[in-house]
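The sequence and structure come first.

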Amino acid sequence: MFEVGNIVCIMPESKYHGIVGTIITINDMGNLVRFNGIQQFYFSDKDLKIYKKNRA
């Protein structure tokens, strides 16, 4: 579903809801998402959605 380089938003059900990050790798542990420059955590597909910037 996701690919390396996708910009994603963490779903509200997650502890990190609303944070936007970039998928940097996908493996057996899940999708590794980097945000805030240096922080990165694994998330499952259900915890992520593709980020779409709101246009004014």
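## Loop, core and ring pairs

Asn36 lies in the loop between E3 and E4, where strands (E, at least two residues) and helices (H or I, at least four) are DSSP runs numbered from the N terminus. With a relative accessible area of 58%, Asn36 is exposed; buried means under 20% relative accessible area, exposed over 50%, and partly exposed in between (1.4 Å probe, protein chains only). Asn36 and Cys9 are 27 residues apart along the chain, and 13 Å separates their C-alpha atoms.

The model is predicted: local features need pLDDT of at least 70 and side-chain atom pairs count only at pLDDT 80 or more, while totals for chains, interfaces and linings use all residues. Residues are numbered from 1 along each chain as its sequence is written, and side-chain values use heavy atoms, with hydrogens and water left out.

**Core.** The largest nonpolar core has 8 residues, namely Phe2, Val8, Ile10, Ile23, Val33, Phe35, Phe43 and Leu48. Strand E1 (7-10) and strand E3 (30-35) each supply at least two residues of this core. Such a core is a set of buried Ala, Val, Leu, Ile, Met, Phe, Trp, Tyr and Cys residues joined through side-chain atoms within 4.5 Å. In soluble globular proteins, nonpolar side chains tend to be buried together. Apart from its neighbours within four places in sequence, Leu48 is in contact (heavy atoms within 4.5 Å) with Phe2, Val8, Cys9, Ile10, Met11, Ile23, Asn31, Val33 and Phe43.

**Ring pairs.** A search of the whole structure finds 4 aromatic pairs. Rings of Phe, Tyr and Trp (its six-membered ring) pair if their centres lie within 6.5 Å; planes under 30 degrees apart count as stacked, over 60 as edge-to-face and the rest as tilted. Two of the pairs involve Tyr16, including the tilted one with Phe35, whose ring centres are 6.1 Å apart with planes at 50°. This pair links distant parts of the chain, with Tyr16 in the loop between E1 and strand E2 (20-27) and Phe35 in strand E3, 19 residues apart. Tyr16 and Phe41 form a stacked pair, at 5.0 Å centre to centre and 20° between the planes. Here too distant parts of the chain are linked, since Phe41 is in strand E4 (residues 39-43), 25 residues from Tyr16. Ring pairs join Tyr16, Phe35, Phe41 and Phe43 into a cluster.

The table gives the accessibility of residues in these pairs.

| Residue | Relative accessibility | Class |
|---|---|---|
| Tyr16 | 23% | partly exposed |
| Phe35 | 3% | buried |
| Phe41 | 32% | partly exposed |

**Charges.** The structure holds 1 salt bridge, a term for a side-chain nitrogen of Lys or Arg within 4 Å of a carboxyl oxygen of Asp or Glu. Lys46 forms it with Asp47, the closest N and O atoms being 3.6 Å apart. Lys46 is exposed at 67% relative accessibility, whereas Asp47 is buried at 17%. Asp47 sits in the loop between E4 and E5. Leaving aside neighbours within four places in sequence, Asp47 is in contact with Cys9, Ile10 and Met11.

**Surface.** Tyr51, in the segment after strand E5 (48-50), is partly exposed at 36% relative accessibility.
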